[in-house]
Amino acid sequence: MSKLILILFFLLIGCSSKGSPNDIPVFDQNKAFDHLLNQCSFGPRNPGSVGHNNFFEYLHEYFSMLSSDIIIQEFNYNEHITGIDRKGKNLIVQFNKESKNRILIGAHWDTRAISDQDPNEENLNIPILGANDGASGTAVLMELGFIFSNFPPPFGIDLVFFDAEDVGINGEPTTFAVGSDYFSKNLPIRKPDSGIIVDMVGDKNLKIPIERFSYQVDKKKVKELWSLADKLSLSAFEYTLGYEIYDDHVPLWENAKIPTVNIIDFDYPNLFYNHWHTQNDIPENCSPQSLGQVGTLLVNYIYDKNHK
Ligand SMILES: [Zn+2]
């Protein structure tokens with residue numbers, strides 16, 4: 001083998017090692033987990049708190065470096081659990097803005113002002129840290145945004161960070177998801193063809209069955225996502241029907257007819273005990289591997305043209 005051929009050989013090896021045969025970028029679960037830890041370092045991010053204000057500024061700044069197509073959608077609302085009138089802010093970050101085929105990928109960035117499911121009564125009125133409920137979905141989207149800025153996606157992506165998701169009264173589902181309700185009644189962008197919401201995906205013991213409302217509105221996308229997860233050996237995804245959960249995907253469908261799938265693990269960590277809306281929703285109960293499973297699925301769903 002001549003020197004030239006050897007060089008060519010190594011160049012080829014070098015090229016192919018950059019990505020899989022389909023050139024699918026790699027989702028860095030450790031960076032995503034750093035985004036989760038970083039959010040928690042701001043403290044609770046419930047509306048009206050210092051953490052809420054400061055983290056929004058940080059999030060806006062982070063995406064200003066990754067995309068020039070950013071919209072802040074402000075709205076007024078009454079925070080049901082406190083009765084206080086507040087200003088909410090949704091953040092919309094667009095990639096491949098020219099593309100007519102678009103998918104919305106959303107998460108809520110706010111956290112809950114109270115710990116109303118905490119077993120310890122003294123904690124009931126304390127805000128949660130929201131490592132899983134708030135930070136996990138946002139962390140996955142922050143890392144996805146980094147990928148989109150480096151590898152332009154093959155169709156348009158609208159990343160949407162919803163505010164005021166967790167302001168509702170327990171047992172009254174429609175008092176939740178205020179930011180996505182406003183967004184879907186006042187679309188600040190061209191209507192996306194479909195959507196995916198990512199929420200509570202940080203659980204160390206991640207199990208993601210199919211959320212029932214999602215299955216009703218978009219069976220085809222549910223099947224595509226869960227069979228792709230199977231193909232990729234992402235064992236957190238279980239092809240069984242789980243709970244019906246009122247989350248940001250519901251207003252998107254009901255108000256704007258955007259068929260949206262909710263990727264969520266509500267049993268945190270299992271059927272018998274739940275850290276949801278308690279003081280135990282902390283990074284120690286989350287893991288990089290869990291964020292990695294969800295991020296890897298989404299990256300493959302977006303970039304792998306052969307998965308269907
Ligand atoms: Zn919540």
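L144 is found in helix 4, where helices are DSSP runs (H or I) of at least four residues, strands are DSSP runs (E) of at least two, and both are numbered from the N terminus. The model is a predicted one, in which local features need pLDDT of at least 70 and side-chain atom pairs count only at pLDDT 80 or more, while totals for chains, interfaces and linings use all residues. Residues are numbered from 1 along each chain as its sequence is written.

- L144 is buried, with 26 other C-beta atoms within 10 Å; a residue is called buried if 20 or more other C-beta atoms lie within 10 Å of its own, exposed if 12 or fewer, and partly exposed in between, with C-beta atoms placed from the backbone.
- Leaving aside residues up to four places away in sequence, L144 touches I105, L159, G295 and L298; two residues are in contact if their C-beta atoms, placed from the backbone, lie within 7 Å.
- L144 and P25 are 119 residues apart in sequence, and their C-alpha atoms are 10.0 Å apart in space.
- Helix 4 covers residues 135–150, and its end C-alpha atoms are 23 Å apart, which agrees with the 22 Å that its 16 residues should span at 1.5 Å a residue; the expected span is 1.5 Å times one less than the number of residues.
- Because 14 of its 16 residues are buried, helix 4 is largely enclosed by the rest of the structure.
- Helix 4 lies across strand 2 (84–95), strand 3 (102–108), strand 4 (156–162) and strand 5, and runs at about 140 degrees to strand 3. Axes are lines fitted to C-alpha atoms, for helices over the stretch in contact, and angles run from 0 to 180 degrees between N-to-C directions.

- Strands of a sheet pair through backbone hydrogen bonds, either parallel or antiparallel.
- Six strands form an open sheet with mixed pairing, in the order 1-2-4-3-5-8; two strands pair if DSSP finds at least two bridges between them.
- Strand 1 (70–79) and strand 8 (260–264) stand at the edges with a single partner strand each, so one side of each is left without a neighbour in the sheet.
- From one strand to the next, the twist averages 20 degrees.
- Strand 1 and strand 2 run antiparallel and are joined by 10 bridges, with I70 opposite V93 in strand 2.
- These two strands form a hairpin with four residues between them, and G83 in the turn has a positive phi of about 80 degrees.
- Strand 2 and strand 4 also run antiparallel, joined by five bridges; L91 has F161 in strand 4 as its bridge partner.
- Strand 5 (residues 194–199) pairs with strand 8 in the parallel sense over five bridges, and V198 has I263 as its bridge partner in strand 8.

**The nonpolar core**

- In soluble globular proteins, nonpolar side chains tend to be buried together.
- The largest nonpolar core has 75 residues, of which L36, I105, V140, L141, V198 and I263 touch the most other members. Such a core is a set of buried Ala, Val, Leu, Ile, Met, Phe, Trp, Tyr and Cys residues joined through C-beta atoms within 7 Å.
- Helix 4 gives the most to this core, with nine residues.
- I105 touches L141, L144, I157, L159, I196 and L298, not counting residues up to four places away in sequence.

**The protein as a whole**

- The secondary structure comes to nine helices and 10 strands.
- The radius of gyration is 20 Å, close to the 19 Å given by the globule rule for 308 residues, so the protein is as compact as a globular protein of that length. This radius is taken over C-alpha atoms, and the rule is 2.2 Å times the number of residues to the power 0.38.
- Of the 308 residues, 46% count as buried.

**Backbone details**

- Most residues other than glycine have a negative phi, and most peptide bonds are trans.
- S233 has a positive phi, near 55 degrees, and lies in the loop between helix 7 (219–231) and strand 7 (237–241). S233 is exposed, with 9 other C-beta atoms within 10 Å.
- H277 also has a positive phi near 55 degrees, but this residue is buried, with 21 other C-beta atoms within 10 Å.
- A cis peptide bond, with omega about 10 degrees, joins Y268 and P269; P269 is found in strand 9 (residues 269–270).
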